[in-house]
Amino acid sequence: MEAALSGLYALADINLLILIFAATLGGVLVGALPGLNATTGAALLLPFTITMDPIPAIAILTTIYCAATFAGAITAILINTPGTSASATTCLDGYPLAQRGEAGKALGMAAVSSTIGGLVSIICLMLAAPLMARAAYNFAPPEYFALTVFGLSMLATIGDGSPIKNIMSGALGVLLATVGIDLLTSIERFTFGWNELSEGIGFVPVMIGVFGISELLVQADNLHVERKQVIMKAIELPNRADYRKVWRTILRSTGIGTFIGILPAEGATMASMIGYNEAKRWSKTPEEFGHGALEGIAGSEAANNSATGGAMVPTLALGIPGSPTAAVVLAGLMIHGLRPGPTMFTEQAEFAFAIFWSMMLVNVIFFFIGLWGAKIFARVTLIPIQILWPIVFTFSIVGAYALEQSMLDVWIAIGSGIIGFFMRRHGFSVVPLAIGLILGGMLETRLGQSMVMLDEQWWLMLSRPLSLFFLVLTALALFGPMVWNGFVKQRPPLESTGE
């Protein structure tokens with residue numbers, strides 16, 4: 001309780017409140033622009049947070065995360081183009097409502113569902129924090145190493161590509177993490193005579209490249225796409241009859257989104273799809289879905305926004321990003337010297353709760369922005385791509401250079417963007433690459449610490465219950481589906497008993 005009050009007191013700074021409000025506006029703007037998303041916005045903003053104090057820096061990144069996730073519903077409803085992939089299912093019922101002249105009603109339902117989902121998930125996160133703190137004392141380097149290995153096993157399912165391609169992408173990220181001087185042996189690796197690479201490849205240029213610049217190259221194929229905006233009069237809050245119809249859907253999707261968000265390697269997109277499908281499954285009028293059902297909007301938006309709070313659980317408590325945007329937040333934590341993991345709730349509890357309170361504040365702010373500002377932000381979607389993306393590219397280059405005032409970082413960002421573009425074109429997801437880069441460095445460090453602690457006897461990890469538990473989970477995650485599929489194929493079919 002004391003940590004929660006201290007975290008709330010940290011938000012009493014008027015400058016921080018103004019910063020959060022401005023970041024919320026920026027996040028809504030990013031989420032409302034087709035092609036941009038929360039991950040891209042956070043990656044572009046990451047280098048500009050380096051000079052800030054830790055609480056404002058991470059608060060801005062999480063603010064962008066929450067606000068952009070909500071704002072994707074604006075374009076999904078008004079122009080049938082989801083601002084973020086997490087709002088793709090919102091198009092299915094939001095746009096038909098807009099075509100019937102009920103865009104305001106659809107946006108009102110999206111705002112209410114998003115706010116409820118976000119607030120409930122953050123409350124769950126705050127209540128779970130003391131439980132995570134109790135586990136902190138049981139973690140040592142071997143447990144952290146096994147946990148990181150488990151996180152790497154999730155790379156197979158975190159991207160949009162096939163499991164094999166995702167693992168290949170993640171392996172490339174782990175390979176990039178080995179560039180530089182080994183902290184244990186002081187041996188240079190893969191520097192090729194570049195002294196600037198002795199400290200390794202930074203997270204920020206790679207994040208900017210694979211999420212920002214590669215998206216710019218992908219969107220270059222959509223230069224001639226015309227977007228038609230639906231005319232909207234005013235946003236309408238749901239009435240009593242609407243609430244009676246959707247309250248079960250909102251609660252169900254909030255639970256689904258929070259649970260999916262907590263799972264490493266999942267995120268808001270998966271949560272919204274499951275939330276929408278379950279809303280249709282349990283609806284009394286499933287035939288209305290796809291033709292303008294408010295339950296469809298509620299199911300999608302409550303799930304994707306509750307996943308943002310859930311995704312911060314493994315990010316802060318385990319050091320494993322729960323979503324692509326959470327990976328950028330994790331990079332921000334590491335840049336500021338913060339150690340994500342179970343000990344964060346004991347050694348840095350005030351910081352953790354300050355982030356929770358800021359996320360809760362963001363959900364309240366974007367609710368009012370969604371009610372009164374959606375019509376304005378919707379007009380931003382009409383900005384020509386020929387103007388928008390050169391601006392994004394400029395921010396990308398400036399952000400990459402601003403980190404260390406190094407042109408090498410600029411070239412790394414550009415190179416990462418080109419690699420990311422070709423990866424996307426050939427069906428490889430860039431998300432495992434980014435997460436592999438983050439977890440790869442952590443894996444190597446924790447392995448070295450474990451070997452020193454265990455006197456080079458690595459097999460002793462198997463004698464520690466927690467590390468053995470995570471290694472078993474890793475084996476199940478990697479080989480479980482393969483073994484199960486093989487068992488099903490080999491099982492003889494049931495013989496027919498018909499006459």
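The legends below describe close-up views of a predicted model.

**View 1. Overall make-up of the chain.**
In this predicted model, the chain contains 20 helices and 2 strands. Of its 499 residues, 55% count as buried. Among the contacts in the chain with a separation of 6 or more, 79% are between residues 24 or more positions apart.

**View 2. The largest nonpolar core.**
The largest nonpolar core is made up of 107 residues. Met207, Phe211, Leu333, Phe351, Phe356 and Ile438 have the most contacts inside this core. Helix 4 (residues 54–78) supplies the largest share of the core, with 15 residues.

**View 3. Surroundings of Phe351.**
Phe351 is one of the residues with the most contacts inside the largest nonpolar core. When neighbours within four places in sequence are left aside, Phe351 is in contact with Pro54, Ile55, Ile58, Leu333, Leu338 and Met344. One of these partners, Leu333, is also listed among the residues with the most contacts inside the core.

**View 4. Packing of helix 3 against helix 14.**
Helix 3 (residues 38–45) packs with helix 14 (residues 324–335) at an angle of about 15°, and the two axes are 8 Å apart. Angles under 35 degrees count as roughly parallel, and helix 3 and helix 14 are therefore roughly parallel to each other. Their crossing is left-handed. On the helix 3 side, the contact is made by Ala38, Thr39, Ala42 and Ala43; on the helix 14 side, by Pro324, Thr325 and Val328. By class, the contact of helix 3 with helix 14 comprises 5 nonpolar residues, 2 polar residues and no charged residues.

**View 5. Packing of helix 5 against helix 13.**
Helix 5 (residues 90–99) and helix 13 (residues 294–317) pack with their axes 8 Å apart, at an angle of about 140°. Roughly antiparallel applies to angles over 145 degrees; helix 5 and helix 13 are therefore oblique to each other. The crossing of helix 5 and helix 13 is left-handed. Thr90, Asp93, Gly94 and Leu97 of helix 5 meet Leu294, Gly296, Ile297, Ser300 and Glu301 of helix 13. The contact of helix 5 with helix 13 divides into 3 nonpolar, 4 polar and 2 charged residues.

Technical notes. Residues are numbered from 1 along each chain as its sequence is written. This is a predicted model: local features need pLDDT of at least 70, side-chain atom pairs count only at pLDDT 80 or more; totals for chains, interfaces and linings use all residues. Side-chain values use heavy atoms; hydrogens and water are left out. Axes are lines fitted to C-alpha atoms, for helices over the stretch in contact, and angles run from 0 to 180 degrees between N-to-C directions. Helices (H or I, at least four residues) and strands (E, at least two) are DSSP runs, numbered from the N terminus. Angles under 35 degrees count as roughly parallel, over 145 as roughly antiparallel, 65 to 115 as roughly perpendicular and the rest as oblique. A crossing is left-handed if the near helix is turned anticlockwise from the far one by less than a right angle, and right-handed if clockwise. Contact means heavy atoms within 4.5 Å. Ala, Val, Leu, Ile, Met, Phe, Trp, Tyr, Cys and Pro count as nonpolar, Asp, Glu, Lys and Arg as charged, and the others, Gly among them, as polar. A nonpolar core is a set of buried Ala, Val, Leu, Ile, Met, Phe, Trp, Tyr and Cys residues joined through side-chain atoms within 4.5 Å. Buried means under 20% relative accessible area, exposed over 50%, partly exposed in between (1.4 Å probe, protein chains only).
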